Amino acid sequence: GNACAASNLTAVFARLHTCGLYPSKVLYGLLVTLVSTLDELDATLMLSLLRCAGARLRSEDPGGMKDFILSLQTRVAELRDSAGGADGDADTA
């Protein structure tokens with residue numbers, strides 16, 4: 001379904017980037033979009049994109065990679081905080 005199509009499209013984007021058809025900013029834009037919604041499918045897509053094109057992304061634009069990682073860490077912290085608020089203090093009892 002949609003997950004398979006999204007996975008295939010992400011793989012195509014990553015491979016086209018590794019062939020040099022467009023700049024790293026395009027993939028970083030996709031990664032930032034995935035971070036903003038960050039569900040299981042988004043995490044899977046980010047992982048597959050980074051497996052295929054991560055080394056080239058990092059070598060071309062290490063600052064962009066750092067910004068992506070920081071935005072991902074911030075989003076994960078936000079999700080943890082919201083999940084912690086929903087669960088209360090169940091894990092501290």
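These entries record what I looked up in the structure, which is a predicted model.

**Entry 1: helix 1**

I began with helix 1, which covers residues 2–18. I then listed the buried residues of helix 1 and found Thr10, Ala14 and His17. Viewed down the axis of helix 1, these buried residues fall within an arc of 60°, so they line one face of the helix. I noted that they pack against helix 2 and helix 3. After helix 1 comes Gly20, for which I recorded a positive phi, near 85°.

**Entry 2: helix 1 against helix 3**

I next asked at what angle helix 1 and helix 3 pack. The angle is about 0°, and the axes lie 9 Å apart. Helix 1 is therefore roughly parallel to helix 3, since angles under 35 degrees count as such. On the side of helix 1, the residues making the contact include Ala3, Ala6, Ser7 and Thr10. On the side of helix 3, they include Leu41, Leu45, Ser48 and Leu49. Sorting the contact by class, I recorded nine nonpolar, five polar and three charged residues. Thr10, Ala14 and His17, which I had listed as buried, are among the residues of helix 1 that take part in this contact.

**Entry 3: helix 2**

I turned to helix 2, residues 24–37. Helix 2 has 14 residues and reaches 21 Å from its first C-alpha to its last, close to the 20 Å expected at 1.5 Å a residue. Its buried residues are Ser24, Leu27, Tyr28, Leu31, Leu34 and Val35. Seen down the axis of helix 2, they fall within an arc of 120°, so they line one face of the helix. Leu38 follows helix 2, and its phi is positive, near 35°.

Leaving aside neighbours within four places in sequence, I found Ser24 in contact with His17, Leu57, Glu60 and Asp61. Of these, His17 is one of the buried residues of helix 1.

I also looked up Val32, which is found in helix 2. Val32 has a relative accessible area of 43%, so I recorded it as partly exposed. Val32 and Ser71 are 39 residues apart along the chain, and their C-alpha atoms are separated by 7.5 Å.

Terms used: Residues are numbered from 1 along each chain as its sequence is written. This is a predicted model: local features need pLDDT of at least 70, side-chain atom pairs count only at pLDDT 80 or more; totals for chains, interfaces and linings use all residues. Side-chain values use heavy atoms; hydrogens and water are left out. Helices (H or I, at least four residues) and strands (E, at least two) are DSSP runs, numbered from the N terminus. Contact means heavy atoms within 4.5 Å. The expected span of a helix is 1.5 Å times one less than its number of residues. Buried means under 20% relative accessible area, exposed over 50%, partly exposed in between (1.4 Å probe, protein chains only). The arc is that of the directions from the helix axis to the C-beta atoms. Axes are lines fitted to C-alpha atoms, for helices over the stretch in contact, and angles run from 0 to 180 degrees between N-to-C directions. Angles under 35 degrees count as roughly parallel, over 145 as roughly antiparallel, 65 to 115 as roughly perpendicular and the rest as oblique. Ala, Val, Leu, Ile, Met, Phe, Trp, Tyr, Cys and Pro count as nonpolar, Asp, Glu, Lys and Arg as charged, and the others, Gly among them, as polar.
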